[in-house]
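User: I am new to this structure. Please take one part of it and walk me through it closely.

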Amino acid sequence: MVKNSFISVIPQEEKEKNKGSVEFQVFSFTNKIRRLTSHLELHRKDYLSQRGLRKILGKRQRILAYLSKKNRVRYKELIGQLDIREPKTR
């Protein structure tokens, strides 16, 4: 199991003062999601962890929807840095 496979995008000083920022919340949810995903690859029948993963995914999805409505530039930068969504092509 890989614990710290995700490299921090946000500097340490910025983390300390902006723990409530949208970017920090998405960043921490993404870390949790990646950690739970690697756990579930080993333990496929851990249904409680699956439920927790779905809850965290929903929270992150709602926060990202909020950010995309409020500030499209910050949203695009964040998903680019974290590499979490495929850009939609219409």
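**The aromatic pair and the core around it**

The structure holds 1 aromatic pair. Rings of Phe, Tyr and Trp (its six-membered ring) pair if their centres lie within 6.5 Å; planes under 30 degrees apart count as stacked, over 60 as edge-to-face and the rest as tilted. F24 and F27 form this pair, and it is tilted: 6.4 Å centre to centre, with 45° between the planes.

A word on the source. This is a predicted model, where local features need pLDDT of at least 70 and side-chain atom pairs count only at pLDDT 80 or more, while totals for chains, interfaces and linings use all residues. Residues are numbered from 1 along each chain as its sequence is written, and side-chain values use heavy atoms, leaving out hydrogens and water.

Back to the pair. F24 and F27 sit 3 residues apart in helix α2, so about one helical turn separates them. Helices here are DSSP runs (H or I, at least four residues), numbered from the N terminus. F24 is buried, with a relative accessible area of 17%. F27 is buried too, at 5%. Buried means under 20% relative accessible area, exposed over 50%, partly exposed in between (1.4 Å probe, protein chains only).

Next, the core. The largest nonpolar core has 18 residues. Such a core is a set of buried Ala, Val, Leu, Ile, Met, Phe, Trp, Tyr and Cys residues joined through side-chain atoms within 4.5 Å. V26, L64, L78, L82 and I84 have the most contacts inside it. Helices α2 (22-42), α3 (47-70) and α4 (72-82) each supply at least two of its residues. The largest share, 8 residues, comes from α2.

Look at V26. Leaving aside neighbours within four places in sequence, V26 is in contact (heavy atoms within 4.5 Å) with R60, I63, L64, L78, L82 and I84. T30 is also in helix α2. T30 is buried, with a relative accessible area of 1%. With the neighbours within four places in sequence again left aside, T30 is in contact with R60, L82 and I84.

Now α4. Y75, L78, I79 and L82 are buried there. They cover an arc of only 90° around the axis, so they lie on the same side of α4. The arc is that of the directions from the helix axis to the C-beta atoms. What covers these buried residues includes α2 and α3. On the other side of α4, V73, K76 and G80 are exposed. Just after α4, D83 takes a positive phi of about 55°.
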